[in-house]
Amino acid sequence: MNKNCLLCGVGGQGVVLASKIIAYAAMEKGWFVRTSETIGMAQRGGSVVSHVRMGDEIYSPMIPQGSAEVLLSFEPAEAVRNLPYLKRGKEEGIVIVNRKALKPVTASLGGKEYNGEEMLDFLRKKVKRLYVVDGEAICNKAGSSKTLNIALLGAAAAGNVLGISMEEMEREIKRRVKPEYQEMNLKAFALGTQAVCGTFGQ
């Protein structure tokens with residue numbers, strides 16, 4: 001069994017850490033894992049894309065277009081931009097996206113208006129298996145905006161869409177997050193699982 005997960009967002013949202021947690025959790029299961037990151041023009045504000053490929057036989061770190069079982073997006077416009085990677089057809093992939101829009105640097109420089117809700121509407125029309133997570137509300141409850149990445153991991157783990165259970169993901173979070181930040185991150189993880197619990201497979 002092979003799984004392809006593409007994570008996308010903008011700099012400063014914790015995309016790379018989330019991809020590493022998935023990768024390490026997969027390796028703990030004895031899977032082969034290959035990863036690759038594409039970092040945008042700035043640490044904060046530029047696009048960030050992480051490819052995570054896991055399973056029995058993985059030859060390349062880059063996910064071919066139309067091959068991702070999971071698209072985990074920290075921002076609506078980035079989900080739209082990376083939609084070509086999503087698997088289509090009978091076994092269409094799943095998109096989990098954070099509701100809040102974060103205006104990209106390119107839009108700021110060009111003076112363009114950016115409406116995240118328009119992006120979500122587009123996704124609703126194009127994606128059969130779409131799950132929108134209110135990451136801002138979860139982060140507020142957890143006590144820090146920096147827990148968004150862990151909240152989205154919770155959403156992914158709740159449906160076991162990566163083949164990694166909630167317990168396995170939580171164990172890896174404890175290993176990779178500094179002790180002083182563990183409590184808030186584990187709270188965000190739990191809230192993320194609750195946000196989509198019971199909705200997968202509908």
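These legends go with close-up views of a predicted model.

**View 1. The largest pocket and what lines it.**
Let's start with the open space: the largest pocket holds about 670 Å³. Its lining is made up of 26 residues, and Gly12, Gln13, Ser145, Lys146 and Thr147 are the ones nearest the centre. What kinds of residues line the largest pocket, by class? There are eleven polar, nine nonpolar and six charged residues.

**View 2. Helix H5, from the pocket to the buried face.**
H5 gives the most to the lining of the largest pocket, with four residues. Now look at which parts of the helix are tucked away: Gly135, Ile138, Cys139 and Ala142 are the buried residues of H5. Looking down the helix axis, you'd find these buried residues within an arc of 100 degrees, so they line one face of H5. Over on the other side of H5, Asn140 and Lys141 are exposed.

Follow the chain on from H5 and you come to Gly143. The phi angle of Gly143 is positive, near 105 degrees.

**View 3. Cysteines without a disulfide.**
A disulfide is a covalent bond that links the sulfur atoms of two cysteines. How many disulfides does a search of the whole structure find? The count is zero. Take Cys5, which is in no disulfide: the nearest cysteine sulfur belongs to Cys8 and sits 9.3 Å away. For a disulfide, the two sulfur atoms would have to be within 2.5 Å, so the 9.3 Å between the sulfurs of Cys5 and Cys8 rules that pair out. Is Cys5 buried or exposed? Cys5 is buried, because its relative accessible area is 0% and the cut-off for buried is under 20%. Cys139, back in H5, is buried too, with a relative accessible area of 6%.

Ala158 has its place in helix H6. With a relative accessible area of 22%, Ala158 counts as partly exposed, because that label covers values between the 20% and 50% cut-offs. Ala158 and Ala195 are 37 residues apart in sequence. In space, how far is Ala158 from Ala195, C-alpha to C-alpha? The two are 8.9 Å apart.

Notes: Residues numbered from 1 in each chain as written. Predicted model: local features only at pLDDT ≥ 70, side-chain atom pairs only at ≥ 80, totals over all residues. Heavy atoms only, no water. 1 Å grid on protein atoms, 1.4 Å probe; cavity = no way out; pocket = protein on both sides within 12 Å on 5 of 7 lines; lining within 4 Å. Points joined across faces, edges and corners; volume = space filled by probe spheres on them. Helix = DSSP H or I, 4+ residues; strand = E, 2+ residues; numbered from the N terminus. Nonpolar A, V, L, I, M, F, W, Y, C, P; charged D, E, K, R; others polar. Buried < 20%, exposed > 50% of the residue type's maximum accessible area, 1.4 Å probe, protein only. Arc of directions from axis to C-beta.
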